[in-house]
Amino acid sequence: MEYKKSYLGFLLWMAVFVAATGACCFLPVCGPKDFILAIGLITMMVLFLLTLQIFWNERVYWYSGISYEQAKQAGSQRRRKYARAHLMRFGIGTGLFVIWCILSWMAGFPYWVDLLAEIAAVVGTALSTIPIKL
């Protein structure tokens, strides 16, 4: 199978991400806490779905710092290993944020703590992928 360059899947993902987060504005939520938790869950889940899509299609050049030529030369096995490492990190980050949301909802933490947790989840998960090399 020929490894072809395409950004169609990424553009579709971007459209789904924008639509999903925009749809949160129309959710019948009770207050800022529910809204922030909903946005955080959608963000983490959609980022996980992006890494899953990259893993399935081996489109590792969608990640910053990897060119299409580098990805093509790396071969399928190395691309899948690289994409799997990202998938695992984002899967763990998403799982931990889901647990946070449940605990926060039960404990009644203030919404600003949830916002900080969401930022920490996204940024922390992204930063944890820096050491991963193709």
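The largest nonpolar core has 20 residues, and Tyr-3, Ile-54, Val-60, Tyr-61, Ile-66, Ala-71 and Tyr-82 have the most contacts inside it. A nonpolar core is a set of buried Ala, Val, Leu, Ile, Met, Phe, Trp, Tyr and Cys residues joined through side-chain atoms within 4.5 Å; buried means under 20% relative accessible area, exposed over 50%, partly exposed in between (1.4 Å probe, protein chains only). This is a predicted model, in which local features need pLDDT of at least 70 and side-chain atom pairs pLDDT 80 or more, while totals for chains, interfaces and linings use all residues. Residues are numbered from 1 along each chain as its sequence is written, and side-chain values use heavy atoms, without hydrogens and water.

**Exercise 1.** Determine which element gives the largest share of this core.

*Solution.* Step 1: H2, helix H3 (68-74) and helix H4 (76-107) each give two or more residues. Helices are DSSP runs (H or I, at least four residues), numbered from the N terminus. Step 2: H2 gives the largest share, 6 residues.

**Exercise 2.** Classify the packing of H2 with H5.

*Solution.* Step 1: H2 (residues 32-57) and H5 (residues 111-128) pack at about 10°, with axes 9 Å apart. Step 2: angles under 35 degrees count as roughly parallel, so H2 and H5 are roughly parallel to each other.

Note on methods
Axes are lines fitted to C-alpha atoms, for helices over the stretch in contact, and angles run from 0 to 180 degrees between N-to-C directions. Angles under 35 degrees count as roughly parallel, over 145 as roughly antiparallel, 65 to 115 as roughly perpendicular and the rest as oblique.
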